[in-house]
Amino acid sequence: MSDSLKVLVLHGPNLNLLGTRQPDIYGRETLADINAALTRRADAAGVTLDHQQSNHEGELIDAIQAARTDGTAAIIINPAAYTHTSVAILDALNAFDGTVIEVHLSNVHKREAFRQHSYVSLRADGVIAGLGSQGYHAALDAVVAARAG
Ligand code: DQA
């Protein structure tokens with residue numbers, strides 16, 4: 001397993017409520033459902049996944065900082081509302097050398113104007129929005145394909 005690809009999946013605030021939070025926008029799958037399906041896909045691809053969710057900006061930053069030195073090759077991040085507000089998360093990601101993929105369940109570009117700006121996109125190598133939980137799968141596939149590259 002020493003050469004297995006290590007990927008951190010980071011979920012931001014309120015994503016712990018998936019399944020019951022505005023299901024018309026975010027779907028009926030829970031975060032546990034999403035993580036379990038993604039883990040199955042990762043296992044099949046020989047990828048080691050670490051999932052973390054936090055409602056706290058500083059905890060997300062701590063997780064990104066830890067990823068700089070623990071062998072993490074890529075971060076798949078749904079920063080949720082911090083997408084649109086957090087220079088601090090952008091700065092943390094700028095200090096991470098690996099691949100960064102930004103994922104949004106909803107298509108933020110057809111929602112309120114304030115959702116159409118992302119600080120994280122200034123760093124992200126790829127951005128996926130509007131595919132629901134499939135967006136995480138597409139992100140993982142992209143990370144694996146980039147390594148195979
Ligand atoms: C979100 C979109 C954000 O604008 C929102 O604040 C979220 C979730 C998404 O996954 O569609 O919490 O990141």
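A polar contact is here a pair of N or O atoms within 3.5 Å; within protein, one must be able to donate a hydrogen and the other to accept it, and residues adjacent in sequence count only if both atoms are side-chain atoms. The model is predicted, so that local features need pLDDT of at least 70 and side-chain atom pairs count only at pLDDT 80 or more, while totals for chains, interfaces and linings use all residues. Residues are numbered from 1 along each chain as its sequence is written, and side-chain values use heavy atoms, with hydrogens and water left out.

View 1. An oxygen atom of the ligand is 2.8 Å from a polar backbone atom of Leu-105. Side chains also take part: a polar atom of the His-84 side chain lies 2.7 Å from a ligand oxygen, and one of the Arg-21 side chain lies 2.9 Å from a ligand oxygen. Of the 320 Å² that the ligand exposes when taken alone, the protein buries 98% (accessible areas by the Shrake-Rupley method with a 1.4 Å probe).

**View 2. The shell around the ligand.** The residues around the ligand (a heavy atom within 4 Å of it) include Tyr-26, Asn-78, His-104, Ser-106, Val-108 and Arg-115. By class, this shell has 5 nonpolar, 4 polar and 2 charged residues, where Ala, Val, Leu, Ile, Met, Phe, Trp, Tyr, Cys and Pro count as nonpolar, Asp, Glu, Lys and Arg as charged, and the others, Gly among them, as polar.

**View 3. The fold that surrounds the site.** The protein has 5 helices and 5 strands (DSSP runs of H or I with at least four residues, and of E with at least two), in the order β-α-α-β-α-β-α-β-β-α from the N terminus.
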